[in-house]
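Here is a briefing on one protein model, written for reading beside the sequence and the 3D view.

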Amino acid sequence: MNSPTPLAPALPAPTSAPAAGASSDPGGHAPSGTLGLARGSALYVASVLGTGVLALPGLATRVAGPASVLAVALVLVASVPLAGTFAALAARHPDRGGVASAVRAALGPTAARATGYWFYLGVCVGVPVVAVLGAEYVVTVVGADRGVVPVVAVALVVVPAVAVGLGIRVAGAVQLGLTSLLLTAVVVVVAVAAPAASAERFTPFLSEGWSGVGSAVSLFVWAFAGWEVGTHVSADFRDPRRTIPAATGVALVVVGVAYLALQETTVGVLGAGAGSGTVALLDLARTGAPAAGPVVVGVVAAIVTSGVLTAYLAAFANLGQALARDGDLPRPLAALSGRTGVPRRALAVTLVLSAAYLAVLVATGLDLEPFVRVHTSCMVAVYALGMLAALRLLPRRTVGWWLAAVATVLTGVLLVLAGASLVAPALLAVGAVAVTLVRRRHATP
């Protein structure tokens, strides 16, 4: 047994008063939040499983064929150390800034600024993607013209925005109900479609080669990304050191089983045809229950979209407030509203930013893949610095530290797979460095 090592230094104290529910203990260990295991697990499942179930089975089959099942398994295995590392960081260092705050403590302000920009400005590209995916399902089910997709997408953001604006207690309750509906939908669709599966559709297994598997792995980073979301609401958990690791474990099992079952069913039932559109889940439902299936999936898709957006909008709002608190965004965004300390100004800016991204998405013909790749590349960049920060902050040779060591290697592989998509986080990193240089110039007498 290794001898105990001193705890890593606590994250820097915020320059503004802590939000309600945040720990007053410098290490963030006091159980003063409101999220328990059930709501916390629902938040993790929603942020990770999410609307990936709507589009990714079809997209992955398009690029990898039957071997897309292998891609899911590989990303699931890679998710264990990533999820475990973020759980360890969040449990020991609860803060609204999440990964960016951990990076600030371990690697300094410029690296933290880049991490914050990657998530707040880059990962936020995923908000209109999520909304459009849900809208695509709704529009397809009701038989409306595809031109109304942007309108429906905007409508799907309303409930999450209101829930987050009312505070984490309301958002957590909403999340629990929505996640339950999501899991029920996946179970029902797989159960009714599975009898139509055929082993012949799995041959040739590597129809697109290993390069296809690599492309599918890169896409599925979208599906299994989301473990870092919990770090941004970590201060809202009751007893973070116990609840966050437990919620992460529950989410790993649930998400892994759901994605593997869905991908195997998609390939077995739809085969190569799964990649012909963006609504593979709807096609599965039609196969198993031609009359009722599409209606059920369409309704649940709208509800699920709201659940995912609730998780991410809460994370973006908290991060925006923390970045402003630490001087990386305009100071007025650091303001908290109401008795529960809701970062409504940062939430408003997040919604404006999301609307701008939606406008670009509409102007480019609702082509989701480039936006998914920007989202995932920024996420991988966040993961890379997050793992390095974890290696410095977590007590050496503990379980969390070893998970971080493995995750650092895996993140390096993901960076290679991201390839040209890393242009987006590189540009945001340049912006972070530019802000540092400007601030130094103004600070020089």
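The side chain of D326 makes a polar contact with the side chain of R325, at 3.2 Å. A polar contact is a pair of N or O atoms within 3.5 Å; within protein, one must be able to donate a hydrogen and the other to accept it, and residues adjacent in sequence count only if both atoms are side-chain atoms. This is a predicted model: local features need pLDDT of at least 70, side-chain atom pairs count only at pLDDT 80 or more, and totals for chains, interfaces and linings use all residues. Residues are numbered from 1 along each chain as its sequence is written, and side-chain values use heavy atoms, with hydrogens and water left out.

**Around D326**

- D326 sits in the loop between helix 13 (293-325) and helix 14 (344-363). Helices (H or I, at least four residues) and strands (E, at least two) are DSSP runs, numbered from the N terminus.
- D326 has a relative accessible area of 19%, so it is buried. Buried means under 20% relative accessible area, exposed over 50%, and partly exposed in between (1.4 Å probe, protein chains only).
- Beyond its neighbours within four places in sequence, D326 is in contact with R104, R331 and R439. Contact means heavy atoms within 4.5 Å.

**Whole chain**

- The protein chain has 17 helices and zero strands.
- Of its 445 residues, 56% are buried.
- Take the contacts in the chain with a separation of 6 or more: residues 24 or more positions apart account for 84% of them.

**Helix 3 with helix 11**

- The axes of helix 3 (residues 68-92) and helix 11 (residues 240-270) come within 9 Å and cross at roughly 170°. Axes are lines fitted to C-alpha atoms, for helices over the stretch in contact, and angles run from 0 to 180 degrees between N-to-C directions.
- Helix 3 is therefore roughly antiparallel to helix 11. Angles under 35 degrees count as roughly parallel, over 145 as roughly antiparallel, 65 to 115 as roughly perpendicular and the rest as oblique.
- Helix 3 contributes residues including V69, V72, L76 and V80, while helix 11 contributes residues including I244, L252, Y259 and L260.
- The residues of this contact divide into 16 nonpolar, five polar and three charged. Ala, Val, Leu, Ile, Met, Phe, Trp, Tyr, Cys and Pro count as nonpolar, Asp, Glu, Lys and Arg as charged, and the others, Gly among them, as polar.

**Aromatic pairs**

- A search of the whole structure finds four aromatic pairs. Rings of Phe, Tyr and Trp (its six-membered ring) pair if their centres lie within 6.5 Å; planes under 30 degrees apart count as stacked, over 60 as edge-to-face and the rest as tilted.
- Y312 and F316 form a tilted pair, 5.9 Å centre to centre with 40° between the planes.
- Both Y312 and F316 lie in helix 13, four residues apart, about one turn of the helix. Both are buried.
- W401 and W402 have ring centres 4.8 Å apart and planes at 85°, so this pair is edge-to-face.
- W401 is buried at 11% relative accessibility. W402 is partly exposed at 47%.
- F119, Y312 and F316 form one aromatic cluster.

**Loops on either side of helix 10**

- W227 is in the loop between helix 9 (209-224) and helix 10. Its relative accessible area is 1%, so W227 is buried.
- W227 and V48 are 179 residues apart in sequence, yet 6.6 Å apart in space, C-alpha to C-alpha.
- Not counting residues up to four places away in sequence, W227 touches Y44, V48, S79, A83, F86, T248, A251, L252 and Y383.
- V233 is in the loop between helix 10 (229-232) and helix 11. V233 is buried, at 1% relative accessibility.
- V233 and L319 are 86 residues apart in sequence and 9.2 Å apart in space, C-alpha to C-alpha.

- Helix 4 (residues 99-107) is mostly covered, with seven of its nine residues buried. Among them are V99, V103 and R104.
- G108 follows helix 4 and has a positive phi, near 105°.
- S354 is in helix 14 and is buried at 7% relative accessibility.
- The side chain of S354 reaches the backbone oxygen of T350 at 2.8 Å.
- Leaving aside neighbours within four places in sequence, S354 is in contact with C124, V127 and P128.
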